[in-house]
Amino acid sequence: MRPLLELTGATVRFGADAALDRVDFRLFPGEVHSLMGENGAGKSTLIKAITGALPLDEGELRLEGDHVAFASPHEAQAAGISTVYQEIEVLPNLSVAENICLGREPRRGGVISTRLMQARAREILLDLGLDIDPASMLGQHSVAVQQLVAIARAISTDVRILVLDEPTSSLDLDEVGELFRVIRDLKSRGVAILFVSHFLDQVYEICDRVTVLRDGAFVGEYLTTELLRIDLVQKMLGRDVADLKERDHPDDAGPEAAVVLRARGVTARHGIADADVDLGEGEVLGVAGLLGSGRTSLARALTGVTRTDAGTISVEGEDVHLDSPRRGMALGIVYSSEDRRRDGIVAELSVLDNITLALQSERGVLRQIPAARRRELAASWVEALDIRPPDLDRPAGTLSGGNQQKVLLARLLALSPRVLVLDEPTRGIDVGAKVEIQNLVGELADNGMSVIFISAELEEVLRVGDRVAVVRDGRIVRTAPAGLLTADSLLALVAQPDEDGE
Amino acid sequence: MTAMATRTESRESGPSFLQTFVSRHGSMMPTFAAVAILLVLFVGAEIFLRGDFITPRNISALLLDNAYLLVLAVGMTFVILTGGIDLSVGSVMAFSGILGAKLLAEGVPAFVAVPAMLLGGAAIGLMIGILVQYFNVQPFIASLAGLFLGRGLAYVVSLSSIKVEEPGILWLQSTRIRLGDWYITPTGLIALGAVAVAAFVLHLTRFGRTIYAIGGSEQSARLMGLKVARAKVMAYVISGLCGGLAGLVLTAYSGAGYPRNGIGTELDAIAAVVIGGTILTGGRGYVIGSMIGVFVYGTIKTIISFMGAEQSWMQIIVGALLLLFIVVQRAIVARSEGRR
């Protein structure tokens, strides 16, 4: 059978970094195809390349064998490629019917016929099994309904390829079932569906074929029925070996030294439930888990970035109320986000400003750090962390990923924290910088700092962590000393659902 | 809009009429609030002034005296619905007025002078729209440039007032179409016509719905394949055109063009639009609401002059009303976001 859509050698670059590097992708009519990969694997970039939101730097896109190049999402739509994006793209201020029909409303002599539009919308919604008033404002409805309305819009035209970018992340089980019924129905009509989700169960339930990406590169294309779950996870996470100083791992289950941070029953809605964490002084707690497992929610809950719905957190034996990152910082708990471009680096500001930002804000505007002192401070961190180029006045956005991460680390370390929570600090940076950051974490811990180190790379977690907590489906399923785990046993813990603890 | 509201038939089962109505027209609440305030003002003034206020003469005068402001508010509604702002309309009105007066004084016939006034306004609007859309300038700054440009051009045309003697223009103001004690002038008809056309365009054309979509989320509107760039520029062109039309109305009303007209009127127009229930972040609001807002504004002005109080009280009361409405709007927006 000839593929409906075929992408060969696709390359997309952002500056010097290749977000997609010579990736091949095929989509057959009447199949559900999943795109799998961790953060930064290039899933979103690939989708954007298919839907015309991003141009290809290299490579070719073929639709039914014909070469095509879409200049805008509008052109891709006209060719029958509809997309439902991860951030739900709807207009809460307009009616349900308008959200479905906007831009192609039924008209009579140039005048929109509200009656016809609502009738058409009702028909499409009933097709999706959704009985809501098409004249009601979309903002009145739940996120799940808004999501289904976005899908209704996507299938209201002659759709040949439907791209669903994490459509189930805001749906509950019944709604997912409803969506899968719709997907199967579309599939039987010969529509090709690209289904991106980080829920493995859902991928195995609905998808015929998977393409795995890692760090912007193509790993392989497999039939779901022929690929074991554990092999899929292994392909997604990859295993690359880098030379690293070995640290001595203590063997007992609890932390050796005095507990600095203790959490009991920490729960944050739609993220992490009932998590217990003990972090000792000078200890590195590795956190392993897939994207969407709750690893980031755990880090955010422990640092006050998101409020917890239940549970207690205590620092050095005293119960604390962490309701903001500022409170966390005052207690010496700092967080480095997984998305350093969005939540970390201020790209336009200089390296100097980026490093001293948090320290200055902690002191308050009235106690300015003298300019000379600021420079000295920043220069010492640039030297200590070997940030290159060592130019304090360079905009931080122009640095490479690894050096940006170091600038972020310097910003947090300038606060002299007791607990450092790093969410994927080595994501998307080159191997050399990765090793430097891993070593740095080890040194910090040896000097008495407590670190929570989150990573999708299992080997890294095992090497850096003294103990490892495994997060799956919003729960910590096991916490064990790193010495007792191997990459394979950790992989099994990360990937396998419903095996233990349930 | 009342026409849409009355059409909401009760459905055979399920939610009550009230629930259906709220889920469909929840965003009209601020506009209803404006209507309520207008009624309270009328009744209050009637009681306070012992039955001297609600007379056909006063209410007819309300439209006559505020026709230019109503025209400006109509254009402003388009811009604010996209989430923008247009500070230029007061000076555009002055420029258009003085340009028209000058052309007429030099013997140019009205059928040339009037289109020139409208085109002048639309051209300034086009410039602002292009700055906003293609040069990514903040609407506040782009229209501030338009404000200075308009005022400067007005002074270039003339530094002093120019009297208008063209009978066609004066006819717009002097004609009284009577029905008993009620009357309406052609300027009033122009203003009401602008409201009607705007309501039609905003609710029943693709362009109008795109305006609302941009205010809801420009990014979403673009991804939905709507013609965002064109609609956004057009919103400013319409606002500029309304500025030109307001210049015509004001020239007819005052019988002269004057380059210092309309200083600060853009803020009155914005206040009227906001009081009428259009949300400054865009996407929610009605041009009918803007009309109510203008009437609220005009009524407060009339009451104060009836009471013989200082006009400065006008500013304080309008300021307080604005504050009230912005708080109410924030509450509504926060509530609808809370549901998501």
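**Exercise 1. Describe the make-up and overall form of chain B in this predicted model.**

*Solution.* Step 1: start with the secondary structure. Chain B contains 15 helices and four strands.

Step 1: look at the extent of the chain. Along the principal axes, the C-alpha atoms of chain B fill a box of roughly 70 × 55 × 35 Å.

Step 2: compare chain B with a globule. For 340 residues, a compact globule would have a radius of gyration near 20 Å, and the 20 Å of chain B agrees with this.

Step 3: consider burial and contacts. In chain B, 49% of the 340 residues count as buried. Taking contacts in chain B between residues at least 6 apart in sequence, 78% join residues at least 24 apart.

**Exercise 2. Which residues touch the most other members of the largest nonpolar core?**

*Solution.* The largest nonpolar core has 245 residues, and B:Val71 and B:Leu72 touch the most other members.

Step 1: find the main contributor. Helix H12 of chain B (residues 228-254) supplies the largest share of this core, with 16 residues.

Step 2: list the partners of B:Val71. Leaving out residues up to four places away in sequence, B:Val71 touches B:Ala191, B:Ala194, B:Cys242, B:Leu245, B:Ala246 and B:Val249.

**Exercise 3. Determine where the buried residues of helix H8 of chain A lie around its axis, and what they pack against.**

*Solution.* Step 1: pick out the buried residues. Helix H8 of chain A spans residues 229-237, and A:Leu232, A:Val233, A:Met236 and A:Leu237 are buried in it.

Step 1: look down the axis. The buried residues of H8(A) fall within an arc of 125°, so they line one face of the helix.

Step 2: name the neighbours. In chain A, the buried residues of H8(A) pack against strands E3 (32-36) and E11 (209-214), and against helices H16 (458-464) and H17 (487-495).

Step 3: check what follows the helix. After H8(A) comes A:Gly238, with a positive phi near 70°.

**Exercise 4. How many residues of chain A are in contact with chain B, and which classes do they belong to?**

*Solution.* Step 1: count both sides. On chain A, 24 residues are in contact with 25 residues of chain B.

Step 1: locate the elements. Helix H2 (73-78) and strand E8 (111-112) of chain A each supply at least two residues of the side that touches chain B. H2(A) gives the most to this side, with three residues.

Step 2: sort by class. The side of chain A that touches chain B has twelve nonpolar, eight polar and four charged residues.

Methods:
Residues numbered from 1 in each chain as written. Chains lettered and ligands numbered in written order. Predicted model: local features only at pLDDT ≥ 70, side-chain atom pairs only at ≥ 80, totals over all residues. Core = buried A, V, L, I, M, F, W, Y, C linked by C-beta atoms within 7 Å. Buried ≥ 20, exposed ≤ 12 C-beta atoms within 10 Å, placed from the backbone. Contact = placed C-beta atoms within 7 Å. Arc of directions from axis to C-beta. Rg over C-alpha atoms; globule rule 2.2 N^0.38 Å. Nonpolar A, V, L, I, M, F, W, Y, C, P; charged D, E, K, R; others polar.
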